[in-house]
Amino acid sequence: MVFGKARPNDVFTPRSREINERMYVDRPELEERLEDALRGDKYIIVHGESGNGKTWLFKRVLARKKVPFEVVNLANAVLHGSLLKSFEVKLSELGSDRPVSRTEEVDLGLRLGGTGFGGKQQTQFSFAAQSAFGALVSHLNQKAGGKRSVLVLDNFEQIVDNLDSLKAVASIIISADEESIAKHGVKLLIVGVPRDLKQLVAKVGNASTIANRLIEIPEVARMTLDEAISLMKRGFEKELGYSFSIDKEIFYKDVCWKTDRIAQQIHELCLKIALEAERASGVISLATVAKAERKWLEESFSSDLGVIENLMNSIETKVGRKNQVIYSLGRVDKEDFKHSDIEKIVREEFNVDEGINLNLPQMLASFAKAENPLIRRTPKNNAYRFVSPKLKMVIRAGLQKDSENRVIKTVEAL
Ligand SMILES: Nc1ncnc2c1ncn2[C@@H]1O[C@H](COP(=O)(O)OP(=O)(O)OP(=O)(O)O)[C@@H](O)[C@H]1O
Ligand SMILES: [Mg+2]
């Protein structure tokens, strides 16, 4: 804040590690489920696509419930070569002087040296991570003055391809009931992107025992329409006091559509709009929005723009059919979709007769097989899904129909 007046950067805070309390929008259903899970005795799993608000959610709930917590960022496990090491790093951050034991040093040396890793060493390694975990929960318990506390393993997707780390987590979960761990009253909160987090951990250990010790709250998905609109109203109207020369309800819905209601993207686009509006004496107009959208697309989605551009340039069909299909993919609401869903949209949007064969299955397959694919087949039920949610946003914000129903680009880079 400068001279008591809010600035766009204070209001819309993309990717801020800390919660901006003034801008935090309540997510009652998810918060309640997490609160309930915290009361139970199982370890907790929180999952959802990147940018949907997992980190903000647990920080908010734990702070409100006054539960002391510490976060181990698993990106550090990749950086430092092992889960054990990321625990050690956390311990030293917390000011613990716990020395690394001999066995752990040997294990670590083996691990980092990349030497072959047999079953016995694997067990030792899990054991070492488990013992570092024990030291961590003991330290956390002391810091929390004996109160119940939480240890968060955030960004779990970073270690899902690492069997050693997964096994170490599995053994940590199994040890939850041991008196030496249980007495510290520290609950583990595992946070990450994959939908099947629970199965991923369970399948590397004793599956039913592990599944039994874990509880999963519902997916932290995109914001609801009400949540997203309330976030924008608070930012533009209450905090910044901006005015509108366009219909604001339509504007809010349009931002929801283009950002697919992903919290981080709403903040990023709104920050761009707010910065443009600041230059225009605090008025949100068609021109400020268009300029801001262009900057948002170019700055945040350059590689995604490239994927779409390649597909569009490789088109050699009549009436730009591929362009129509790409445009129609942007209209789809479902996470997983079939070619029949897209076919329906193409026929409606571009008035294509039933008599004309669209060859949709073939075209979608080619989008999935491209060097930089746009969509991919889902393992089950023969459906498709966007490779990343950003690609859908680029189509929504970057392609339009002109007056003759042709698909045109709204950004030069496309
Ligand atoms: N409840 C909320 N109210 C307002 N803004 C939010 C909320 N939740 C998240 N955001 C916005 O979305 C951004 C991303 O949220 P967060 O970092 O929690 O996502 P994440 O799911 O942890 O993503 P990742 O998997 O990449 O770590 C935040 O920096 C913030 O700008
Ligand atoms: Mg996060």
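**Exercise 1. How many of the 11 residues of helix H5 are buried?**

*Solution.* The structure is a predicted model.

Step 1. Helix H5 covers residues 83-93.

Step 2. A residue counts as buried if 20 or more other C-beta atoms lie within 10 Å of its own. The residues of H5 that are buried are Leu83, Leu84, Lys85, Ser86, Phe87, Glu88, Lys90 and Leu91.

Step 3. The result is 8 of the 11 residues, so H5 is largely enclosed by the rest of the structure.

Step 4. Beyond the end of the helix, H5 is followed by Gly95, which has a positive phi near 85°.

**Exercise 2. State the extent of burial in helix H17 and in the chain.**

*Solution.* Step 1. Helix H17 spans residues 321-331. Its buried residues are Asn323, Gln324, Val325, Ile326, Tyr327, Ser328, Leu329 and Gly330.

Step 1. With 8 of its 11 residues buried, H17 is therefore largely enclosed by the rest of the structure.

Step 2. The chain has 414 residues, and buried residues make up 37% of them. It contains 20 helices and 11 strands.

Step 3. Contacts can also be sorted by separation in sequence. Of the contacts in the chain between residues at least 6 apart in sequence, 71% join residues at least 24 apart.

**Exercise 3. Determine the strand order of the open sheet and identify its edges.**

*Solution.* Step 1. The general principle is that strands of a sheet pair through backbone hydrogen bonds, either parallel or antiparallel.

Step 1. Here, 5 strands form an open sheet with parallel pairing, in the order E2-E3-E4-E1-E5.

Step 2. The edges are strand E2 (69-73) and strand E5 (214-216). Each has a single partner strand, so one side of each is left without a neighbour in the sheet.

Step 3. From one strand to the next, the twist averages 25°.

**Exercise 4. Describe the surroundings of strand E3 within the sheet.**

*Solution.* Step 1. Begin with the pairing to E2. Strand E3 (residues 149-154) and E2 pair in the parallel sense over 5 bridges. Val71 stands opposite Val152 in E3, and the bridge partner of Asn73 is Asp154.

Step 1. Continue with the pairing to E4. E3 and E4 also pair in the parallel sense, over 5 bridges. Val152 stands opposite Leu189 in E4.

Step 2. Consider burial. In E3, 6 of the 6 residues are buried, and the strand is mostly covered. Ser149, Leu151 and Leu153 lie on one side, while Val150, Val152 and Asp154 lie on the other; both faces are covered.

Step 3. Helix H3 (residues 54-64) lies across strand E1 (43-47), E2, E3 and strand E4 (186-192). H3 runs at about 155° to E4.

**Exercise 5. Describe the shell of residues around ligand 1.**

*Solution.* Step 1. There are 22 residues around ligand 1, of which Ser50, Gly53, Lys54, Thr55 and Ala263 come nearest.

Step 1. H3 and helix H14 (263-279) are the elements that give two or more residues to this shell.

Step 2. By class, the shell has 8 nonpolar, 11 polar and 3 charged residues.

Definitions and conventions: Residues numbered from 1 in each chain as written. Chains lettered and ligands numbered in written order. Predicted model: local features only at pLDDT ≥ 70, side-chain atom pairs only at ≥ 80, totals over all residues. Pairing = 2+ DSSP bridges. Helix = DSSP H or I, 4+ residues; strand = E, 2+ residues; numbered from the N terminus. Axes fitted to C-alpha atoms, helices over the stretch in contact; angles between N-to-C directions. Contact = placed C-beta atoms within 7 Å. Buried ≥ 20, exposed ≤ 12 C-beta atoms within 10 Å, placed from the backbone. Near = placed C-beta within 6 Å. Nonpolar A, V, L, I, M, F, W, Y, C, P; charged D, E, K, R; others polar.
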